[in-house]
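Dear colleague,

I am handing over the structure below, and my notes on it follow. Please read them beside the coordinates.

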Amino acid sequence: MLNGLDLAGKTFLINLFTLAVRICGVLFLIPQFGILGYLWALLASQLLTFGCCMFLLIKQGR
């Protein structure tokens, strides 16, 4: 939806940022918590993606 609103660049930056969050989660959480650490990092990354995209959609709608 964001790509259709000509926000492809911002979508790329959001994905890049959330990928960095996921990589940091892999580096720091997996050694301590194992697969549960990866799942928490994945959840945080997905929630961050959702939140940023919703923020842009609401901002664009105004």
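The buried residues of helix H2 pack against helix H1 (8-33), where helices are DSSP runs of H or I with at least four residues, numbered from the N terminus, and contact means heavy atoms within 4.5 Å. The residues concerned are Gly37, Ala41, Ser45, Thr49, Cys53 and Leu56, buried being under 20% relative accessible area, exposed over 50% and partly exposed in between, with a 1.4 Å probe and protein chains only.

Before the rest, two remarks on the basis of these values. This is a predicted model, in which local features need pLDDT of at least 70 and side-chain atom pairs count only at pLDDT 80 or more, whereas totals for chains, interfaces and linings use all residues. Residues are numbered from 1 along each chain as its sequence is written, and side-chain values use heavy atoms, with hydrogens and water left out.

The length of H2 can be checked against its residue count. With 27 residues at 1.5 Å a residue, H2 should span 39 Å, and the distance of 39 Å between its end C-alpha atoms agrees with that; the expected span is 1.5 Å times one less than the number of residues.

Leu48, which is found in H2, counts as partly exposed because its relative accessibility is 28%, and it touches Phe17, Thr18 and Val21 when residues up to four places away in sequence are not counted. From Leu48 to Phe12, 36 residues apart in sequence, the C-alpha distance is 14 Å.

On the surface, Phe33, Ile35, Leu36, Leu39, Trp40, Leu43 and Leu47 form a nonpolar patch with about 770 Å² of accessible area together. Patches are made of residues with over 30% relative accessible area and no salt bridge, like charges being joined within 9 Å and nonpolar side chains (Val, Leu, Ile, Met, Phe, Trp, Tyr) within 5 Å; a salt bridge is a side-chain nitrogen of Lys or Arg within 4 Å of a carboxyl oxygen of Asp or Glu. Accessible areas come from the Shrake-Rupley method with a 1.4 Å probe, and for residues only the protein chains shown count as cover. Helix H2 (residues 35-61) gives the largest share of the patch, six residues. Leu47, which has its place in H2, counts as exposed because its relative accessibility is 52%.

Finally, the cysteines: a search of the whole structure finds zero disulfides, a disulfide being a pair of cysteine sulfur atoms within 2.5 Å. The sulfur of Cys24 is too far for a bond, because the closest cysteine sulfur, in Cys52, is 15 Å away. Cys52 is likewise in no disulfide, the nearest cysteine sulfur being that of Cys53 at 6.9 Å. Both Cys24, at 39% relative accessible area, and Cys52, at 26%, are partly exposed.

Best regards

Technical notes. Helices (H or I, at least four residues) and strands (E, at least two) are DSSP runs, numbered from the N terminus.
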